[in-house]
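Here's a quick tour for anyone meeting this structure for the first time. Have a look at the sequence and the model, then work through the points below.

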Amino acid sequence: MTPIDTSIYAAITDAIQTEAGRILSEGQVTAVVGYAAARRKGSAQPIVISNPDDAQKLIFTAACVNNLAVYLTKAKKEIPKTGKIGIVVKGCDLKALSGLMGESQLKREDLYLIGVPCAGVLGSTVQPATELTTGTIAAKCTECDAHLPTGCDFVPNQTPITPELEQKYAVEIARLEALTPAERWAYWQEQFSKCIKCYACRQVCPFCFCEQCLCDRNKPQMVETTPRPAGNTAWHIVRAMHLAGRCAGCAECERVCPMDIPLNLLNRKMAKELKELYDHEASFEVLDKGPLTMFTDKDDQSFIK
Amino acid sequence: MHPEKQTHAFEPKIIAFVCTWCTYAGADLAGTSRMQYPSNVRVLKFPCTGRIDPVFILKAFQQGADGVLVSGCHPGDCHYIAGNFHARRRFAVFRKLLEFIGVDLNRLQFSWVSAAEGGKWVEVVTDLTERVRAMGPMTEFKELAMEEQWSGAINTPELQEAYNSI
Ligand code: SF4
Ligand code: SF4
């Protein structure tokens with residue numbers, strides 16, 4: 001395990017504090033969503049500040065794992081949605097924000113984006129005070145192509161050093177694809193059977209902003225709500241399907257799952273298929289339509305008789 | 001005269017989700033033209049293939065379908081202009097997901113059958129029925145629906161005793 005250089009995070013913290021203090025005191029934004037130190041040593045938690053004096057609470061470290069974009073969706077009522085809001089975003093979080101803008105959930109002019117040059121954050125099972133290494137880094141960061149956010153209002157002038165890492169999801173997807181259908185079914189049943197239907201994955205996902213989820217409806221009930229095998233399998237299939245072409249790959253769903261179900265593996269598989277079929281990838285670009293809300297008359301139909 | 005009806009050990013249940021404008025009319029044409037096709041197929045009519053949610057397919061499998069057919073208008077013929085184009089992308093992706101989860105895609109058929117293609121309807125339905133018949137019953141989703149989920153295995157004598165005394 002080789003350490004990953006996170007020395008720029010101290011300078012980024014300073015820059016974020018100065019910038020957040022400035023935009024708040026100048027009245028450019030009404031609030032800033034960012035990260036602050038939490039109680040456990042080395043850990044970080046989301047914070048919303050509206051007072052310029054609180055800007056010195058903001059930090060950026062390898063423990064800043066959360067995707068803060070979720071706080072700006074209509075599913076989260078805690079944040080006042082009046083005036084312009086500042087938000088601290090890593091590359092993966094910015095992809096989620098771009099997606100939300102594309103789905104008309106947010107307007108660019110209502111946001112002040114503070115982008116973070118990010119070398120990676122810690123994996124979900126690692127203690128927050130741990131050093132960032134090739135072994136403790138989050139799986140999503142091994143496949144990241146968005147270390148340096150662009151199109152933001154402010155980005156600290158730092159360049160992250162990002163070594164080439166083994167792409168954790170790609171390797172696992174290739175392993176599963178090589179199995180027989182029966183073996184894959186057994187693998188996923190083992191994973192899905194762990195699900196307790198806490199819906200933490202849905203709660204944390206920036207794209208799960210529907211006011212009524214199909215999976216909560218009971219007239220008619222399309223997906224069984226109790227944590228039993230049929231409902232669990234259906235939930236995971238429906239979740240992956242509803243996020244196909246929208247998921248930003250922030251891996252928050254996988255991070256918060258108390259049962260360690262590899263949710264992002266399904267998301268990555270769908271992303272891979274969408275890339276192959278329709279050349280679509282989550283990016284910083286704000287698209288009017290996602291790959292499953294548009295079509296061309298040349299789309300593949302070799303599977304249709 | 002009807003040909004002698006062959007009997008089989010296994011009669012698969014096939015659920016067909018069809019659009020009302022093309023495939024349903026095509027199936028109707030097959031019927032009014034007195035064409036024979038397997039009675040294994042249960043037809044469910046929708047306004048458009050674009051209205052057919054992938055979750056319907058899951059539900060069909062859970063409730064005992066051995067094969068599923070989704071059929072609608074040919075590209076360009078959609079009554080709602082673009083419904084089948086949207087469906088084409090959605091199902092292309094959904095197939096990949098099911099495959100990754102471990103479902104055998106031979107149980108799932110997509111087709112375009114127009115209102116004039118009674119013969120093609122017969123062919124599609126017959127092919128799918130015979131293919132699924134050869135594969136045997138689809139058990140995966142059905143078993144899930146039957147199974148109870150326990151928070152843990154009953155793997156000690158004490159637990160077994162407690163369980164027996166319920
Ligand atoms: S967070 Fe995990 S256990 Fe909870 S509903 Fe999602 S997959 Fe299931
Ligand atoms: S599905 Fe998971 S990885 Fe994708 S955007 Fe939602 S929380 Fe992030």
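In chain B, strand E3 (residues 67–72) runs parallel to E4(B), and 5 bridges join them. Two strands count as paired if DSSP finds at least two bridges between them. Helices (H or I, at least four residues) and strands (E, at least two) are DSSP runs, numbered from the N terminus. Keep in mind that this is a predicted model, where local features need pLDDT of at least 70 and side-chain atom pairs count only at pLDDT 80 or more, while totals for chains, interfaces and linings use all residues; side-chain values use heavy atoms, with hydrogens and water left out. Residues are numbered from 1 along each chain as its sequence is written, and chains are lettered from A and ligands numbered from 1 in the order in which they are written.

**Strands of chain B**

- Right-handed here means that, with the strands pointing away from the viewer, the path from the first strand over the helix to the second runs clockwise.
- Is strand E4 (residues 108–112) of chain B enclosed by the rest of the structure, or left open? It is largely enclosed, because 5 of its 5 residues are buried. "Buried" means under 20% relative accessible area, "exposed" over 50%, and "partly exposed" in between (1.4 Å probe, protein chains only).
- In a regular strand the side chains alternate between the two faces of the sheet.
- On E4(B), B:Leu108, B:Phe110 and B:Trp112 sit on one side and B:Gln109 and B:Ser111 on the other, and all are buried.

**Strands of chain A**

- Chain A has a parallel pairing too: strand E3 (residues 85–89) and E4(A) pair over 5 bridges.
- A:Val88 has A:Ile114 of E4(A) as its bridge partner.
- E3(A), H2(A) and E4(A) together form a right-handed β-α-β unit.
- E4(A) is mostly covered, with 5 of its 5 residues buried.
- From E4(A), A:Leu111, A:Leu113 and A:Gly115 point one way, A:Tyr112 and A:Ile114 the other, and all are buried.

**The two ligands**

- Which residues come nearest to ligand 1? Of the 13 around it, they are A:Cys195, A:Cys198, A:Tyr199, A:Cys201 and A:Cys257. A residue is near a molecule if one of its heavy atoms lies within 4 Å of it.
- The shell around ligand 1 splits into 11 nonpolar, 1 polar and 1 charged residues. Ala, Val, Leu, Ile, Met, Phe, Trp, Tyr, Cys and Pro count as nonpolar, Asp, Glu, Lys and Arg as charged, and the others, Gly among them, as polar.
- Ligand 2 also has 13 residues around it, the closest being A:Cys205, A:Cys247, A:Cys250, A:Ala251 and A:Cys253.
- By class, the shell of ligand 2 holds 8 nonpolar, 3 polar and 2 charged residues.
- Helix H6 (229–243), helix H7 (252–256) and helix H8 (263–278) of chain A each give at least two residues to the shell around ligand 2.

- A:Asp110 lies in the loop between helix H2 (91–102) and E4 of chain A, and it is partly exposed at a relative accessible area of 36%. A:Asp110 and A:Lys84 are 26 residues apart in sequence and 4.5 Å apart in space, C-alpha to C-alpha.
- A:Gly135 is in the loop between strand E4 (111–115) and helix H3 (168–177) of chain A. A:Gly135 and A:Leu106 are 29 residues apart along the chain, with 36 Å between their C-alpha atoms.
- B:Gly50 belongs to the loop between strand E2 (41–46) and helix H2 (54–62) of chain B, and at 24% relative accessibility it counts as partly exposed.
- The peptide bond from A:Lys219 to A:Pro220 is cis, with omega near 0°. A:Pro220 lies in the loop between helix H5 (200–204) and H6 of chain A.
- A:Asp260, in the loop between H7 and H8 of chain A, has a positive phi of about 55° although it is not a glycine.
- A:Asp279 has a positive phi of about 50°, and it is not a glycine. A:Asp279 is in the segment after H8 of chain A and is exposed, with a relative accessible area of 58%.
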